[in-house]
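Good morning, colleagues. Please turn to the sequence and the structure on the screen, and we shall walk through them together.

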Amino acid sequence: IVVKFEASGKWPEDVRAILRLKTAFYLAIKEELKTLHITAKVNPDYLDIARDGFIFRLRFFVQKEAKLRDSNISFWQPSTGEELRCQMERTPYVTAHLGSLCSEHPAMPLTVRLLKRWISGHHLSLRVPELFCEMVTAYLFLTS
């Protein structure tokens with residue numbers, strides 16, 4: 001789950017300060033969820049929420065953080081602003097479209113699962129990203 005904050009001049013001008021604010025938000029949400037007897041685990045980059053046998057990953061996206069990362073090449077975090085934008089904006093967009101394709105083609109999710117299982121069975125799952133498997137399967141369903 002990606003929560004995208006509106007642009008505001010109130011965000012700090014330092015990437016580390018933005019990261020600390022995001023972590024503080026995650027901790028506050030974890031405490032609220034604890035009162036509802038929902039398990040959550042905080043990481044500096046995200047919050048994992050366990051509910052009914054599922055784990056949901058909550059991430060905050062701040063546009064200013066991406067801009068600051070682009071302008072500060074020597075920042076200690078390995079991801080650049082473009083990588084952050086891809087992770088927070090483009091990946092959910094592609095995932096939503098893949099979900100709509102799965103509803104149009106009922107056999108697609110089963111085919112994706114079969115392909116992922118085949119790749120895992122050949123010990124390639126560390127080399128082949130899951131999104132690649134989904135995109136290849138989507139291509140096959142759209143072109144046939």
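This is a predicted model: local features need pLDDT of at least 70, side-chain atom pairs count only at pLDDT 80 or more; totals for chains, interfaces and linings use all residues.

Let me turn to the overall layout. The chain contains 5 helices and 4 strands. Read from the N terminus, its elements follow the order β-α-β-β-β-α-α-α-α. The chain has 144 residues, and 28% of them are buried. Among contacts with a separation of 6 or more, 49% are between residues 24 or more positions apart.

How many aromatic pairs does the count come to? The count comes to 6 aromatic pairs. One of them is formed by Phe 25 and Phe 60 in an edge-to-face arrangement, with 5.8 Å from centre to centre and 85° between the planes. Phe 25 belongs to helix α1, residues 15-35, and Phe 60 to strand β4, so this pair ties together parts that lie 35 residues apart in sequence.

Next come the charged residues. In general terms, side chains of opposite charge can pair when their charged atoms come close. The structure holds 5 salt bridges, and I shall present some of them.

In one of these, the side chains of Glu 13 and Lys 64 meet at 2.6 Å, N to O. Glu 13 is in the loop between β1 (2-4) and α1, and Lys 64 is in helix α2, residues 63-71; the pair thus links distant parts of the chain, 51 residues apart. Are these two partners buried or exposed? Glu 13 is exposed, with a relative accessible area of 59%, while Lys 64 is buried, at 18%.

Another salt bridge joins the side chains of Asp 48 and Arg 57, at 2.8 Å, N to O. Asp 48 is buried, with a relative accessible area of 18%, and Arg 57 is partly exposed, at 39%. Arg 57 has a further contact to show: its charged end sits over the ring of Tyr 46, 3.7 Å from the ring centre.

Glu 134 lies in helix α5 and Lys 116 in helix α4, so the pair ties together parts that are 18 residues apart in sequence. Lys 116 itself is partly exposed, with a relative accessible area of 24%. Through salt bridges that share partners, Lys 116, Glu 130 and Glu 134 are joined into one network.

Let us stay with helix α4. This helix covers residues 108-121, which is 14 residues, and reaches 20 Å from its first C-alpha to its last, close to the 20 Å expected at 1.5 Å a residue. Which residues of α4 are buried? They are Met 108, Val 112 and Ile 119. These residues cover an arc of only 40° around the axis, which puts them on the same side of α4. The face of α4 turned away from the buried side carries the exposed residues Leu 110, Arg 113, Leu 114, Arg 117 and Gly 121.

Finally, I would like to point out some backbone angles. His 123 follows α4 and has a positive phi, near 55°, in a residue other than glycine. His 123 is placed in the loop between α4 and α5 (130-143), where it is exposed, with a relative accessible area of 72%. Asp 52 likewise has a positive phi, of about 55°, although it is not a glycine. The loop that holds Asp 52 runs between β3 (46-51) and β4 (54-61). Asp 52 counts as exposed, at 65% relative accessibility.

That concludes the presentation, and I thank you for your attention.

Definitions and conventions
Residues are numbered from 1 along each chain as its sequence is written. Side-chain values use heavy atoms; hydrogens and water are left out. Helices (H or I, at least four residues) and strands (E, at least two) are DSSP runs, numbered from the N terminus. The expected span of a helix is 1.5 Å times one less than its number of residues. Buried means under 20% relative accessible area, exposed over 50%, partly exposed in between (1.4 Å probe, protein chains only). The arc is that of the directions from the helix axis to the C-beta atoms. Rings of Phe, Tyr and Trp (its six-membered ring) pair if their centres lie within 6.5 Å; planes under 30 degrees apart count as stacked, over 60 as edge-to-face and the rest as tilted. A charge sits over a ring if NZ of Lys or CZ of Arg is within 6 Å of the ring centre and within 35 degrees of the ring normal. A salt bridge is a side-chain nitrogen of Lys or Arg within 4 Å of a carboxyl oxygen of Asp or Glu. Contact means heavy atoms within 4.5 Å.
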